[in-house]
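Please keep the sequence and the structure in view while reading.

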Amino acid sequence: MPHYICDLHLHTDRSDGSSTPKELVDDAAAMGMAVISITDHDVRPPTTVSTDSGEQDIVHYAASKNLHLIRGIEISCETEVEDTHIVGFGCDWQNPFLVCSKLRCLNQK
């Protein structure tokens, strides 16, 4: 990961990244980043991370490391244009469209 203060388009191992959500937060904090967003493909962002103290809210966990975390999503779109995606922030994560997005995308492939 390059050294930036802010990166609003990051993926974890829940999508096409290689780090767990906790590892991503830890790495970003260690690099001195100020703001990140987890925008995995077609899955709602994680709400918690597992720590030695048990499950913790991921936004609070990031804040404890002086890192602002924005929960996001990268939605795959079926269009005539190759490889089109929409990145969303500040979504209603209980919205049925987002709750079912992973299943819908799997059915389209």
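Lys-22 and Asp-26 are joined through their side chains by a salt bridge, with N and O 2.7 Å apart, a salt bridge being a side-chain nitrogen of Lys or Arg within 4 Å of a carboxyl oxygen of Asp or Glu. Both residues belong to helix α1, where Lys-22 and Asp-26 are 4 residues apart, about one turn of the helix. Helices (H or I, at least four residues) and strands (E, at least two) are taken here as DSSP runs and numbered from the N terminus. Lys-22 is partly exposed because its relative accessibility is 25%; the classes are buried for under 20% relative accessible area, exposed for over 50%, and partly exposed in between, with a 1.4 Å probe and protein chains only.

Asp-26 also forms a salt bridge with Lys-65, for which the closest N and O atoms are 3.7 Å apart. Since Asp-26 sits in helix α1 and Lys-65 in the loop between α2 and β5, this pair ties together parts of the protein that are 39 residues apart in sequence. Lys-65 counts as partly exposed, at 33% relative accessibility.

## The model and its overall plan

The structure is a predicted model, in which local features need pLDDT of at least 70 and side-chain atom pairs count only at pLDDT 80 or more, while totals for chains, interfaces and linings use all residues. Residues are numbered from 1 along each chain as its sequence is written, and side-chain values use heavy atoms, with hydrogens and water left out.

The protein has 4 helices and 6 strands, and from the N terminus on its elements follow the order β-α-β-β-β-α-β-β-α-α. Of its 109 residues, 34% count as buried. Among contacts with a separation of 6 or more, 63% are between residues 24 or more positions apart, a contact meaning heavy atoms within 4.5 Å. The protein exposes about 6,500 Å², of which carbon and sulfur atoms supply 52%; accessible areas come from the Shrake-Rupley method with a 1.4 Å probe, and for residues only the protein chains shown count as cover.

## Asp-40 and its surroundings

Asp-40 is placed in the loop between β2 (35–38) and β3 (48–51), and this residue is buried because its relative accessibility is 1%. Its side chain forms a salt bridge with the side chain of Arg-14, at 3.6 Å from N to O. The pair links distant parts of the chain, since Arg-14 lies in the loop between β1 (6–10) and α1, 26 residues away from Asp-40. Arg-14 is partly exposed, with a relative accessible area of 33%. A search of the whole structure finds 3 salt bridges.

The side chain of Asp-40 also reaches the backbone nitrogen of Thr-12 at 2.6 Å. Leaving aside residues up to four places away in sequence, Asp-40 touches Leu-10, His-11, Thr-12, Arg-14, Ser-15, Ile-73 and Glu-74. Thr-12 can also be related to helix α1 (residues 21–30), which holds Leu-24: the C-alpha atoms of Leu-24 and Thr-12 are separated by 7.0 Å, although the two residues are 12 residues apart along the chain. Leu-24 is buried, with a relative accessible area of 4%.

## Two loop residues with positive phi

Asp-42 lies in the loop between β2 and β3 and has a positive phi of about 60 degrees although it is not a glycine. Asn-66, in the loop between α2 (58–63) and β5 (68–77), likewise has a positive phi, near 60 degrees, and is a residue other than glycine. Asp-42 is buried, at 3% relative accessible area, whereas Asn-66 counts as exposed, at 68% relative accessibility.

A hairpin of 2 residues joins β3 to β4, and Val-49 has Gln-56 in β4 as its bridge partner.

Val-87 is found in strand β6 (residues 84–89) and counts as partly exposed, at 34% relative accessibility.

How values were computed
Polar contact = N/O pair within 3.5 Å; in protein donor to acceptor, adjacent residues only side chain to side chain. Pairing = 2+ DSSP bridges.
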